[in-house]
Amino acid sequence: MTRPLRDAPQFYLTSPTACPYLPGREERKVFTHLVGPRAGDLNNVLSQGGFRRSQSIAYRPACETCRACVSVRICVDDFRWTRGFRKVLAHNGDLIGEARPPQPRSEHYSLFRSYLDVRHPDGGMATMSALDFAMMVEDTHVETHLIEYRRRGPDSGFTGRGEGDLFAMALTDTLNDGLSMVYSVYDPGLEARSLGTFMVLDHIARAGRLGLPYVYLGYWVDGSPKMSYKARFLPQERLMPQGWERVEHAASTD
């Protein structure tokens, strides 16, 4: 067996399971492992091809009769900062995000648990233990960070760090063409802050400072209320059969 063949990723197909987004449908995924010294390069290539990362696995939908899941990435340089988005930024101007190594702590799991119990009590992650959560964060062979959002302190302008309680956090990969938001959670008792939107906006600004053209949001699912928010961040590109297509206007589910 030649070395190129040994190094080539192996892809696998899952059995059909109930779709978490569209009632009455089934989903299948194709997946491969992201391990070893070339994991970062593979994550870059697969992300540009519509894959998402979960721990050391890269996956994408491979449903036989449905194509509702569409990969979405925000166009950073041309992003339209609407009045509503600017209001969200202003409302959260007392917060600052700090990128830290992917090292889970008890406060991370506590926030994760509170978020799931209120927002997604019946979701696929609802039964995750502290060990499961730790694996989700630290089981990675690619460049990733936990971005923590806390209140600004008197020295935050110099240190880039916040103080006090953890308001929100995002597990984020750095790709060669963007930031990929793997998973994000926030304090469910602070709905008025629109922290989910705020974290996306903060990632757009971060990508801009890093000179990266995209923020990857995962899958927009036409017909799924849980995923409709992703259509608001414009312009964006969606991965269609013929390649990435730019979208300038909100879809009907926006």
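Guide: In strand β13 (residues 236-240), arginine 238 is the bridge partner of valine 72. Strands here are DSSP runs of E with at least two residues, helices are runs of H or I with at least four, and both are numbered from the N terminus. The model is predicted: local features need pLDDT of at least 70, side-chain atom pairs count only at pLDDT 80 or more, and totals for chains, interfaces and linings use all residues. Residues are numbered from 1 along each chain as its sequence is written, and side-chain values use heavy atoms, with hydrogens and water left out.

Two strands count as paired if DSSP finds at least two bridges between them. β13 also pairs with strand β14 (residues 243-247), again in the antiparallel sense, over five bridges. There, methionine 240 has glycine 243 in β14 as its bridge partner. The link from β13 to β14 is a hairpin through two residues.

β13 is largely enclosed by the rest of the structure, because four of its five residues are buried. Buried means under 20% relative accessible area, exposed means over 50%, and partly exposed lies in between, with a 1.4 Å probe and protein chains only.

A UniProt record, an unreviewed entry, lists residues 107-239 as "domain: N-end rule aminoacyl transferase C-terminal". In the model this span is 32% helix and 32% strand, and its end C-alpha atoms lie 36 Å apart.

Definitions and conventions
UniProt positions are given in the numbering used here, feature names are shortened, and annotations may be inferred rather than shown by experiment.
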